[in-house]
Amino acid sequence: MITSGFCRLRVLSMAGGERNAQQLKSDLIPVITALGKTTIQELNISGHRMGPRGIFALCRALQVNHTLSKLYWDENGLTLESFERFVEALQSNTSLLECSVPLIDVGALAVNLKSGSNSEEGMALLKRLLT
C-alpha cells in the first residue's frame with residue numbers, strides 16, 4: 001500500500017515502545033525496504049530494537065529514497081558497524097534534511113565500547129562518526 005502510485009502518505013510515525021509487545025524488531029525491515037519506492041517525507045521508527053539488519057536495510061533505503069527529509073530512528077540496537085554504514089549512506093542521500101542523532105543507542109554503544117578490548121579504537125571511531 002505505501003508503495004502504490006496512488007499513496008499520498010507524507011508522514012509515517014510508527015515509534016515502538018518500552019515493552020517487547022510494542023517493538024516490531026526485524027519485522028520492521030519490509031517497511032524500511034519499501035521506503036525506496038515511496039513519497040514519505042517524514043519517518044519515525046524509533047524504539048523498535050530492529051538491530052543491525054534493520055539499520056543496514058535503512059542504509060540501503062536511504063541510498064535510493066529521494067523524498068525522505070526527516071528521520072527519527074533512536075533505540076534500534078545500533079552497533080559501531082551499522083552506525084558507520086549509516087553515516088556512509090547519508091553521504092549519498094540528497095533529500096534528508098533533518099535526522100536525529102540516536103542518543104540512547106550511541107550512549108549504550110559508548111558504554112559497551114569502554115568495556116571492550118579495543119575500547120580506544122572503538123571510541124575514536126565513534127567520535128569520528130559523530131562529527
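Select L43 to begin: leaving out residues up to four places away in sequence, L43 touches L12, L35, L68, K70, L71 and Y72, where contact means heavy atoms within 4.5 Å. This is a predicted model, in which local features need pLDDT of at least 70 and side-chain atom pairs count only at pLDDT 80 or more, while totals for chains, interfaces and linings use all residues. Residues are numbered from 1 along each chain as its sequence is written, and side-chain values use heavy atoms, with hydrogens and water left out.

**Stop 1: around L43**

Stay on L43, which has its place in strand β2 (residues 42–44); helices (H or I, at least four residues) and strands (E, at least two) are DSSP runs, numbered from the N terminus. L43 counts as buried because its relative accessible area is 1%, and the cut-offs are under 20% for buried, over 50% for exposed and in between for partly exposed, with a 1.4 Å probe and protein chains only.

**Stop 2**

Next, select α2 (51–64). Its end C-alpha atoms are 21 Å apart, which agrees with the 20 Å that its 14 residues should span at 1.5 Å a residue; the expected span is 1.5 Å times one less than the number of residues. Colour G51, G54, I55, F56, A57, L58, C59, A61 and L62, which are buried in α2, and then look at what covers them, which includes α1, β3 (70–72) and α3. Picking out L62 and leaving aside its neighbours within four places in sequence, you can trace its contacts to L68, L71, F86, A89, L90, N93 and L96.

**Stop 3: helix α3 and F86**

From L62, step across to its contact F86, which is found in helix α3. F86 is buried, because its relative accessible area is 2%. Not counting residues up to four places away in sequence, F86 touches L58, C59, L62, L71, W73 and C99.

**Stop 4: the largest nonpolar core**

Which of the 32 residues in the largest nonpolar core touch the most other members? Select I32, I45, L58, L62, L71, W73 and L126 to see them. A nonpolar core is a set of buried Ala, Val, Leu, Ile, Met, Phe, Trp, Tyr and Cys residues joined through side-chain atoms within 4.5 Å. The elements that give two or more residues to this core are α1 (29–33), α2, α3, α4 (103–114) and α5, and the largest share, six residues, comes from α2.

**Stop 5: the largest pocket**

Rolling a probe the size of a water molecule over the atoms shows where empty space is left. Show W73, F83, F86, V87, L90, C99, S100, V101, P102, L129 and L130, which line the largest pocket. The elements that give two or more residues to this lining are α3 (80–92) and α5 (119–130), and α3 gives the most, with four residues. On a 1 Å grid over the protein atoms alone, a pocket is an open set of points where a 1.4 Å probe fits, with protein on both sides within 12 Å along at least five of seven lines, and lining residues have an atom within 4 Å of a point. About 160 Å³ of space lies in the largest pocket. Its lining residues divide into ten nonpolar, one polar and no charged.

**Stop 6: loop residues**

Most residues other than glycine have a negative phi, and most peptide bonds are trans. Select K25, in the loop between β1 (11–13) and α1, which has a positive phi of about 50 degrees although it is not a glycine; K25 is partly exposed, with a relative accessible area of 32%. Then move to E75, in the loop between β3 and α3, where phi is positive at about 60 degrees although E75 is not a glycine. E75 counts as partly exposed because its relative accessibility is 24%.

Definitions and conventions: Grid points are joined across faces, edges and corners, and a volume is the space filled by probe spheres set on the points. Ala, Val, Leu, Ile, Met, Phe, Trp, Tyr, Cys and Pro count as nonpolar, Asp, Glu, Lys and Arg as charged, and the others, Gly among them, as polar.
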